[in-house]
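Let's take a friendly walk through this fold and its charged side chains. Have the structure open and follow along.

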Amino acid sequence: MTCANDALERLKMSDFEMMDLPPKLVARLNEMGLTDPTPIQKQAIPHALNGRDVMGLAQTGTGKTAAFGVPIVSQMLEMEGRPAPKSVRGLVLAPTRELATQISQNLRAFAQKTKIRVNMVVGGQSINNQIRHLERGVDLLVATPGRLLDLMDRRAVRLDECVFLVLDEADQMLDMGFIHDLRKIAQVLPSERQTMLFSATMPKQMNELAQSYLNRPIRVEVSPPGKAADKVTQEVHFIAKAEKAKLLIEMLDKHRDERALVFGRTKHGSEKLMKGLVAAGFAAGSIHGNKSQGQRDRAIAAFKSGEIKVLVATDVAARGLDIPDVKHVYNYDLPNVPENYVHRIGRTARAGKDGAAIAFCAPDEMGELRAIQKTMGIAIPVGSGRAWETDDIPAGETPKGRGRGRGRGAGGGRRRQGGPKQGGAAATARPASNKPAGAGRRRRKPRPASAAKG
C-alpha cells in the first residue's frame, strides 16, 4: 500500500518537483506560474543539476533562462558562506544590455527570498556604482563582455572563484565581434567549473568557443536552427522602398490596440520612422544604439505596460526580450543576417500564443529575402505584389540612383507586369509558390568599367 501511495503522490507532483529541486525553489516557480517545464528546460535542467556541462540549441522564446537559471539557483542554495569581496560565484554573459537586463530580472525572481545576491554590469551605466556594488562579492553576476573586461582591468571583480558560467545567445556574441573578449575572460576562469552554452544557431566559430569553454558537454536541441515558432503566420509584401512607410501606417491602423514591434536596419532610419509614426497619430517609441540605456529601458517599460503600442527597434531588440502579447512583428527592413529574421519574429507568438510576422521587400532586398527563405527552408507566403526582377542590378550594387523608367518602383529595379503599385496596400496578390521568391533567376554579370563608359 505504501508503494501505491508513493506512486500516487508522484503523479500529483509537478515536473519541476520531479527534478528534485529544493522545495523553496519549486514553491517560488509555482508563484511565478512556472509549473510545466518547456522542452529545453526538461532536457537541460537534469543534466545541469548533475554538474554536467551543457550545450543547448534552441530558438529565442523557448525558456532558456530558466534552463540554466533554475539549476544554478538550486545548487547555490546548498552552498555555504558568502562570496569573498569582489568575487563572483556564478557568471552569465549576454551580448546586449537588454538581454542582460531580462536575464537578471528572471534570476532575481528565481532567487527571491533567498540569500542569493544577483547583480548586473553592462555598458551605458555608471561604472563607479557597479564597482561599489561588487565590493562585497556577488553570488550571480550577469554581464556584457565589454563592461566585464573594463571592471577586470580596474581590478574591481575577480573570477578565480567562479564555479558556474553561462554563455547565453553565444552566436550573437560571435556576430557582434565578442570572440576576443570571450577568449580573454576564459583565461582567468578556474578550470574546475560548470559551463552552459546556449545558442540559436551553430556557426563555425562556435566549435572553437565550445572547445575553449566546455568540458565533454551534453548537447540538447529542441528546435532546428532557422525554424520559426509554430503559431507565427508569415507573409511578405513586395513594395518600393519609398512606399514602405505608407503601407506600414495602413497596416498598423487596422490594429491600433495591439502591440506591434517594427524592425529597421539603421539607427537613424529607425528613429526617423518612429517620429513619422508619432506624427501619424500612433503611440510609438524606439530603441537603438544611439539611445542611452535609460531611454531604452523607459521605452521597453512603456511598451510592456501598453503606454506605447508600437516599438521601432534595430536588431538590438531581436533576441532575448520577453515582451508579452506582441501580436505583430514588422520587418520594415529585411536583416542582412538571415538568422536574425528568425530571432526578430520570435518576439511574437510566445508562450503558445498566436502572432503575425509581416516583411516588406524592396527591390534591393531580394538577396536578403532569398537568404532568409533558404535558411528557413520555406517560401514565405506573398501578401501583395510580385517578386522583383533583379537581373539588371549588378552584384554588389544597390538600385539607388538608377533610372526610374517605366515599370520601375520608387526604389529602382524592374518589377514584373502587374507587380505592386506605389502605395502597396492595393497591390495585386500572388498565391504563395513552393519555390522561394526570386529563386532560379540568373544574375547578369556586371559590365566592365570600360564598357560602361562607352
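In what order do the seven strands of the open sheet lie? This is a predicted model, and in it the order is β10-β11-β9-β12-β13-β8-β14, with parallel pairing.

## The sheet

At the edges sit β10 (284–287) and β14 (382–384), each of which pairs on one side only. From one strand to the next, the twist averages 25 degrees. If you zoom in on strands β9 (residues 259–263) and β12 (residues 326–331), you will find that they run parallel and are joined by five bridges. Within this pair, Leu261 stands opposite Val329 in β12.

## Helices around it

Helix α14 (residues 293–305) packs on the sheet, where it touches β9, β10, β11 (310–313) and β12. The direction of α14 makes about 145 degrees with that of β9. Helix α16 (residues 366–376) lies across β8 (232–238) and β13 (355–361), and runs at about 155 degrees to β8.

Helix α12 (residues 244–252) has these buried residues: Lys244, Leu247, Leu248, Met251 and Leu252. Looking down the axis of α12, they fall within an arc of 130 degrees, so they line one face of the helix. Their packing partners are β8, β9, α13 (267–279), β11, β12 and β13.

Where is Glu365 placed? You will find Glu365 in the loop between β13 and α16. Glu365 counts as buried because its relative accessible area is 2%, under the 20% cut-off. A polar atom of its side chain lies 2.8 Å from the backbone nitrogen of Ala362. Beyond neighbours within four places in sequence, Glu365 is in contact with Lys244, Arg265, Asp333, Leu334 and Phe360.

Side chains of opposite charge can pair when their charged atoms come close. Glu365 and Lys244 form a salt bridge, with their closest N and O atoms 2.7 Å apart. Lys244 belongs to helix α12 and Glu365 to the loop between β13 and α16, so this pair ties together parts that are 121 residues apart in sequence. Lys244 is buried too, at 0% relative accessibility. A network of salt bridges links Lys244, Arg265, Asp333, Glu365 and Glu368.

## Two further salt bridges

Lys241 and Asp364 also form a salt bridge, with 3.5 Å between the closest N and O atoms. Lys241 is partly exposed at 30% relative accessibility, and Asp364 is partly exposed at 22%.

Another salt bridge joins the side chains of Lys64 and Glu169 (3.3 Å, N to O). Lys64 is in helix α5 (residues 64–76) and Glu169 is in the loop between β5 (164–167) and α9 (170–175), so the pair ties together parts 105 residues apart in sequence. Lys64 is buried at 6% relative accessibility, and Glu169 is buried at 2%.

Terms used. Residues numbered from 1 in each chain as written. Predicted model: local features only at pLDDT ≥ 70, side-chain atom pairs only at ≥ 80, totals over all residues. Heavy atoms only, no water. Pairing = 2+ DSSP bridges. Helix = DSSP H or I, 4+ residues; strand = E, 2+ residues; numbered from the N terminus. Axes fitted to C-alpha atoms, helices over the stretch in contact; angles between N-to-C directions. Contact = heavy atoms within 4.5 Å. Buried < 20%, exposed > 50% of the residue type's maximum accessible area, 1.4 Å probe, protein only. Polar contact = N/O pair within 3.5 Å; in protein donor to acceptor, adjacent residues only side chain to side chain. Arc of directions from axis to C-beta. Salt bridge = Lys/Arg side-chain N within 4 Å of Asp/Glu carboxyl O.
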